[in-house]
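Have a look at the fold below.

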Amino acid sequence: MKVTSAELTISCARVDQFPKGPFPEIALSGRSNVGKSSFINKLLGRKGLARTSQQPGKTQTLNYYWINDRFHFVDVPGYGYAKVSKTERAAWGKVMEAYFQEREQLRAVVQLIDARHKPTQDDVMMYDWLKHHELPVIVIGTKIDKLPKGKWKQQEKVIREELQLEEEDQIIVFSSETGHNKEKAWSAIRSALNV
Ligand code: GTP
Ligand code: MG
C-alpha cells in the first residue's frame, strides 16, 4: 500500500471528541507496550509519527491518524498496565466500551499480541469481547524478530489455541523492526476497509 499522506489529526480523551465525519477507521488494540504505535509507524513508513516508548502507558488518548485522505488509524491506549490506578482504569473502560460498541465508522480492530508469549488473560478477554460485539478482528503477533524462526509456527499455534481462533481467522506474525509481513498486514486492513 502506498502511503501518500499521514498525519495526527486529533487526540481524544472523551467520547464527544471523536471525529464526526463518515470516514472508515481501523483501531489498534493490545496491552501496553505490545507495539501498537510502532505498528502504525511501520505500516505508514513514518518513523516518529505515533509516539512509542519503552515505558508502557505512553498512549493515553485515542489518537486519530488521517491516511491518504481516505481513512483513519486509531491508536488506542493499551490495557493491562499495572501502574494505572483503579479510578483511571474504570474511566478507561468506559471510554473504550463506548468506542468499540458504538463507533459506526469502525471497520475492524487490529488486535496485537506479543508473539513471544502466551496471550495474557486480558488479551483473551479483549478478543472475546470484540468477537462478542461482532467486530472483525485482525490478529497480529508482534516482536517476532525476537523469536528464532524455528519457533514461529509453534507460537502461532499457541496464540490460536489460547484465543480459540476459528480456522478461517488469520493470524499474522509481524515485526516493526524488520517490517516482516508488512504487506500482509496491509492487505488484511485494505480488505476490511474495502479499498
Ligand atoms: P502503549 O502506547 O504504552 O500502549 O505501547 P504500544 O503498544 O504503543 O507500544 P510501542 O509501539 O510504544 O512499543 C513499545 C516498545 O516495544 C518500544 O520500545 C518499541 O521499540 C518496541 N517494539 C515494538 N514493536 C517491536 C517489534 O516488532 N520488534 C522489537 N524488537 N521491538 C518492538
Ligand atoms: Mg502507544
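Predicted model: local features only at pLDDT ≥ 70, side-chain atom pairs only at ≥ 80, totals over all residues.

## Ile-140 and the core

Skipping neighbours within four places in sequence, Ile-140 is in contact with Phe-39, Val-110, Leu-112, Ile-172, Phe-174 and Ala-185. Together with Leu-28, Ile-140 touches the most other members of the largest nonpolar core, a set of 37 residues. Strand S5 (residues 106–114) gives this core its largest share, five residues.

As background, nonpolar side chains in soluble globular proteins tend to be buried together.

Zoom in on one pair: strand S3 (residues 62–67) and strand S4 (residues 71–75) run antiparallel, joined over five bridges. Here Trp-66 stands opposite His-72 in S4.

## Around the ligand

Which residues come nearest to ligand 1? Out of the 24 residues around ligand 1, they are Gly-35, Ser-38, Thr-52, Thr-59 and Gly-78. By type, the shell splits into 15 polar, six charged and three nonpolar residues. Helix H1 (residues 36–44) supplies the largest share of the shell, three residues.

## Two positive phi values

Asn-33 isn't a glycine, yet has a positive phi of about 80°. Asn-33 lies in the loop between S2 and H1. Is Asn-33 buried or exposed? Asn-33 counts as buried because 21 other C-beta atoms lie within 10 Å, and the cut-off for buried is 20 or more.

Lys-143 is another non-glycine residue with a positive phi, this one near 60°. You'll find Lys-143 in the loop between S6 and helix H4 (152–163). With 21 other C-beta atoms within 10 Å, Lys-143 is buried too.

## A glycine on the outside

Gly-93 is found in helix H2 (residues 86–102). Why does Gly-93 count as exposed? Because Gly-93 has 11 other C-beta atoms within 10 Å, and a residue with 12 or fewer is exposed. Its C-alpha atom is separated by 9.2 Å from that of Tyr-79, 14 residues apart along the chain.

Terms used: Residues numbered from 1 in each chain as written. Chains lettered and ligands numbered in written order. Core = buried A, V, L, I, M, F, W, Y, C linked by C-beta atoms within 7 Å. Helix = DSSP H or I, 4+ residues; strand = E, 2+ residues; numbered from the N terminus. Contact = placed C-beta atoms within 7 Å. Near = placed C-beta within 6 Å. Nonpolar A, V, L, I, M, F, W, Y, C, P; charged D, E, K, R; others polar. Pairing = 2+ DSSP bridges.
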